[in-house]
Amino acid sequence: MKAFVMKEIGRVGFLEKPVPRPGPNDAVVRTTRALICTSDSHTVKGGIGPRENLTLGHEAVGVVHEVGSEVKDFRPGDRVLVGAITPDWGDLASQNGHPSQSGGPLGGFKFANLKDGVFAEYFHVNDADANLAAIPDAISDQDAVYCADMLSTGFMGAEHGAIPVGGTVAVVAQGPVGLMATAGARLRGAGLVIGVESVPSRQKLARTYGADEIVDFTREDVVERIMELTGGQGVDTAIEALGADATFQTCVKVTKPGGTVSNTGYFGEGEFVRIPRVEWGVGMADKTIATGLCPGGRLRMERLLRVLAGGRLDPSHMTTHEFAFDDMERAFEVSDRKLEDVVKVMITF
């Protein structure tokens, strides 16, 4: 089969690989749609260390090709969604309520990290009964694939943010995860959602997904403007959706005492992330910093699909580009270099 791989740090391309085979509890899925994530770019640049000929990608839907002998709930031909994170559900971390960390820190992050990812004609899924979710007939592959990571991670930012009904929220950066954090904040009952973004097309999308106010960091001081919008109090919840030291510091600064900084960003560079000491109340301002990795698993995916089925969210607005799998090299370049006002790149197999 054809696979799109990270050949080494800084270099990608196609490679022929054998079609994977499932273990007793596993499945092999034939890919139909996939999305490119900024995390793929971080990985290629060395964010998680060196990798050799590793198949990239972690956001995909497809059709079950083969299942192991112990798989009970899925059969070849089933149309399925697979979370970007595929935990080992028998692991102690999973039993302790942190399945994304099964096997160690970020251990549920297997695709394009610990094993081959989904940018291939077929891909392997561990613990199939717990990590696959059937896609309802009414939901297209093009919409369902967004549940794999973007909805799951963005909504996690809102969920971890302890947003009170009617509360104030700032979402710093309106890329795909930030946009879904904005939508998630609205679904959680926020009364004021402030999006921080400079790109006009993303500002428009932020409003589409529920932002009441937009703060453009190229035109005004973000901290001053958010404090003004909140009557000098700061927000109940600040969601960091970029993964940069400067934006993390901004989140700490604009969060009120007793509020929550919810981090969804992937910090792919630098040895440290700084906390501004004074705005942190020199460590004593009751500001909670919550972190998390995209939740995975069948139950999570089924709930997200229910959000789509109920018409509460349309993720298709984020698809700005679509390429055939054969054009993956160009597709990756567009996503990696942020060309042509790209938001999200859809791959068709």
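Tutor: Let us begin with a term: a salt bridge here is a side-chain nitrogen of Lys or Arg within 4 Å of a carboxyl oxygen of Asp or Glu. Please also keep in mind that this is a predicted model. With that rule in hand, Asp216 forms a salt bridge with Arg219, and their closest N and O atoms are 3.4 Å apart.

Student: How many salt bridges does the count come to?

Tutor: The count comes to 20 salt bridges. One of them joins the side chains of Asp88 and Lys110, at 3.0 Å from N to O. Asp88 lies in the loop between β6 (79-82) and α2 (92-95), while Lys110 lies in the loop between α2 and β7 (122-125), so this pair ties together parts that are 22 residues apart in sequence.

Student: And how do those two count, in terms of relative accessibility?

Tutor: Asp88 counts as partly exposed at 29% relative accessibility, and Lys110 counts as buried at 10%.

Student: Where is the place of Glu340?

Tutor: Glu340 sits in the loop between α11 (328-336) and β16 (344-348).

Student: Which other residue has a positive phi although it is not a glycine?

Tutor: Asp286 is one of them, with a positive phi of about 60 degrees. Asp286 lies in the loop between β13 and β14, and it is exposed, with a relative accessible area of 63%.

Student: Let's zoom out. How many helices and strands does the protein have?

Tutor: The protein has 11 helices and 16 strands. Along its principal axes, the C-alpha trace spans about 60 × 40 × 40 Å.

Student: What radius of gyration does it have, and what would a compact globule have?

Tutor: For 349 residues, a compact globule would have a radius of gyration near 20 Å, and the protein has 20 Å, which agrees. Buried residues make up 55% of the 349 residues. Among the contacts with a separation of 6 or more, 70% are between residues 24 or more positions apart.

Student: What about the surface, and how many positive and negative side chains are there?

Tutor: The protein exposes about 14700 Å², and carbon and sulfur atoms supply 49% of that area. There are 35 positive and 46 negative side chains, and the centres of the two sets lie 2 Å apart.

Student: Which helix is largely enclosed by the rest of the structure?

Tutor: Helix α9 (residues 245-254) is one to look at, because 8 of its 10 residues are buried, so it is largely enclosed by the rest of the structure. The buried ones are Asp245, Thr247, Phe248, Gln249, Thr250, Cys251, Val252 and Val254. Their cover includes β9 (168-172), α8 (222-229), β12 (235-240), β13 (255-263) and β14 (288-291).

Student: Now Leu179, what does it touch?

Tutor: Leu179 is found in helix α6 (residues 176-187) and counts as buried at 0% relative accessibility. Leaving out residues up to four places away in sequence, Leu179 touches Gln174, Arg202, Leu205, Ala206, Tyr209, Met318 and Val343. Of these, Tyr209 is 30 residues from Leu179 in sequence, yet their C-alpha atoms are 6.6 Å apart in space.

Student: Last one: where does His42 lie?

Tutor: His42 lies in helix α1 (residues 38-44) and is partly exposed, with a relative accessible area of 21%. Setting aside neighbours within four places in sequence, His42 is in contact with Gly47, Tyr266 and Gly268. The C-alpha atoms of His42 and Phe267 are separated by 8.8 Å, although these residues are 225 residues apart along the chain.

Technical notes: Residues numbered from 1 in each chain as written. Predicted model: local features only at pLDDT ≥ 70, side-chain atom pairs only at ≥ 80, totals over all residues. Heavy atoms only, no water. Helix = DSSP H or I, 4+ residues; strand = E, 2+ residues; numbered from the N terminus. Rg over C-alpha atoms; globule rule 2.2 N^0.38 Å. Buried < 20%, exposed > 50% of the residue type's maximum accessible area, 1.4 Å probe, protein only. Contact = heavy atoms within 4.5 Å. Areas by Shrake-Rupley, 256 points an atom, 1.4 Å probe, with all protein chains shown as cover. Lys, Arg positive; Asp, Glu negative; His and termini not counted. Charge placed at Lys NZ, Arg CZ, Asp CG, Glu CD.
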